Amino acid sequence: MAGLRRISYYWKDADSAREYSTGVSLHSHTNQSKETLDFLAKFGSDYSLVRKLIAIAENRALNTYKIAICYAASYWTPPLTPRLAFDLESGQIEKTLNLTPLVSITDHDTISAPMLLRTVASARHIPVSVEWSAPFGPDQALHLGIHNLPSDSGAEWMRTFEEYTANPSERRLTEILFALHALPNVLIVFNHPLWDLYMIGREKHRQRVHDFMAANGQFIHALELNGLRSWEENRETKQMAKARNMLLISGGDRHGLEPNANINLSNAASFTEFVHEIRYEGRSHVLFMPQYAEPWKHRILQSTLDAIRNYPDFPQGSRTWDERVYHPDSAGAIRPLSELWPGDGRVPWYLQFVIDTVKMLGSKPVSGSLRVAWDESRELSFALGEEAL
């Protein structure tokens, strides 16, 4: 079985894709995804100046606009439309690897992107997929990649997920996963299983993962090696897979303009064939692309910059960062920030200063210095594991 389960690194073996016909991009996001504003808290913890500026913004919003900033009710959307995201992922596979692309887009709790793409001739066969944020415990959700739902019942499955989210129970979650697993062409992936996304504490999160897998592990077809998580976390995921005798699979988790940092190599002619390689043949070859070799914090910074840049050539509603960030107005209605600014509609100076400060961190001179400071030990970084999964 070891020969059917491999990890390769493009920067070490550029010919690793030679024996394959297809590259599979899994787990990426479009402007249909509603993303939390947790990255602001992350930047505030990493940079004291940003933390002070965020505090100023919070006070000004309350005093000037009578709006208390509520991160829980706010969200942002990635800049790329479904078509742009599909073309980006397809283009990397075609141009870098000279393979036929299969792309599975998994926005958070919505199948809007694949359904829209299915009206485009070049993307007509894209699978109906979603990243389901499934509550598990009172203070977190686990992210499950549900790939290749039946197109005629995708909307019905989304209603099932929504009903569960509104009234979660561990027993009901097991029933849903059992039913999904019974669909022979559906692929269920546990995305970034060891990421404490909801910051409940490392040990508490790992205990939740253990409890989830004890109840539902037989319905999970693979654990994800995540293209936006660190070497250390992915090594732990590999150890988890080994301990549970589970398959590992790629998942880029792209939100910005950098294409997925890992893909699966395959000989499947369709996504359904790829699902059968994973589920029934136990065959998975994960290829890490060159961008994954870059320092992790540098890549996270660049992804954040993608979220706050302006894109004048993009469709209306996706061009400026304040068109892509949503917050309740004084009456509680969710609106883009661009509609909340008073007077001339300009971004308040203190918020613009926050944006400009983050952009400065990403400028070439500063970014280059940070990149050197953040560089990880090469011996440590490239030791995700041997080629065998």
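**Exercise 1. Find the residue of β4 that stands opposite Thr22, and say how the two strands run.**

Step 1. Thr22 faces Thr100 in β4. Helices (H or I, at least four residues) and strands (E, at least two) are DSSP runs, numbered from the N terminus.

Step 2. β2 covers residues 22-26; five bridges link β2 to β4, and the two run parallel. Two strands pair if DSSP finds at least two bridges between them.

Step 3. Note the ground rules. This is a predicted model, in which local features need pLDDT of at least 70 and side-chain atom pairs count only at pLDDT 80 or more, while totals for chains, interfaces and linings use all residues. Residues are numbered from 1 along each chain as its sequence is written, and side-chain values use heavy atoms, with hydrogens and water left out.

**Exercise 2. Is β10 largely enclosed or open? Trace its partners.**

Step 1. Five of the five residues of β10 are buried, so β10 is largely enclosed by the rest of the structure. Buried means under 20% relative accessible area, exposed over 50%, partly exposed in between (1.4 Å probe, protein chains only).

Step 2. Sort the residues by face. In a regular strand, side chains alternate between the two faces of the sheet. On one side of β10 are Asn262, Asn264 and Ser266; on the other are Ile263 and Leu265.

Step 3. Three bridges join β10 to β2, running antiparallel. Here Val24 stands opposite Asn264.

Step 4. Four bridges join β10 to β11, also antiparallel. Here Leu265 stands opposite His285.

**Exercise 3. Compare Asn98 and Asp253: where does each lie, and is each buried or exposed?**

Step 1. Asn98 sits in the loop between α3 and β4. Its phi is near 60 degrees, a positive value in a residue other than glycine. Asn98 is exposed, at 69% relative accessible area.

Step 2. Asp253 sits in the loop between β9 and β10. Its phi is positive too, about 60 degrees. Asp253, however, is buried, at 5% relative accessible area.

**Exercise 4. Describe the other sheet, with β5 and β9 at its edges, and the helices lying across it.**

Step 1. This open sheet of five strands has the order β5-β6-β7-β8-β9, with mixed pairing.

Step 2. β5 (128-135) and β9 (248-251) are the edge strands; each has a single partner strand, so one side of each is left without a neighbour in the sheet.

Step 3. The twist averages 35 degrees from one strand to the next.

Step 4. β7 (residues 187-190) and β8 (residues 222-226) pair in the parallel sense over two bridges. Phe190 has Leu223 in β8 as its bridge partner.

Step 5. Helix α5 (residues 154-166) lies across β5 and β6 (141-149), at about 10 degrees to β5. Helix α6 (residues 170-181) lies across β5, β6 and β7, at about 160 degrees to β5.

**Exercise 5. Which residues have the most contacts inside the largest nonpolar core?**

Step 1. The core has 40 residues, and the answer is Trp132, Ile146 and Phe212. A nonpolar core is a set of buried Ala, Val, Leu, Ile, Met, Phe, Trp, Tyr and Cys residues joined through side-chain atoms within 4.5 Å.

Step 2. Follow Phe212, leaving aside neighbours within four places in sequence. Its contacts include Phe136, Leu144, Leu173 and Phe190.

Note on methods. Contact means heavy atoms within 4.5 Å. Axes are lines fitted to C-alpha atoms, for helices over the stretch in contact, and angles run from 0 to 180 degrees between N-to-C directions.
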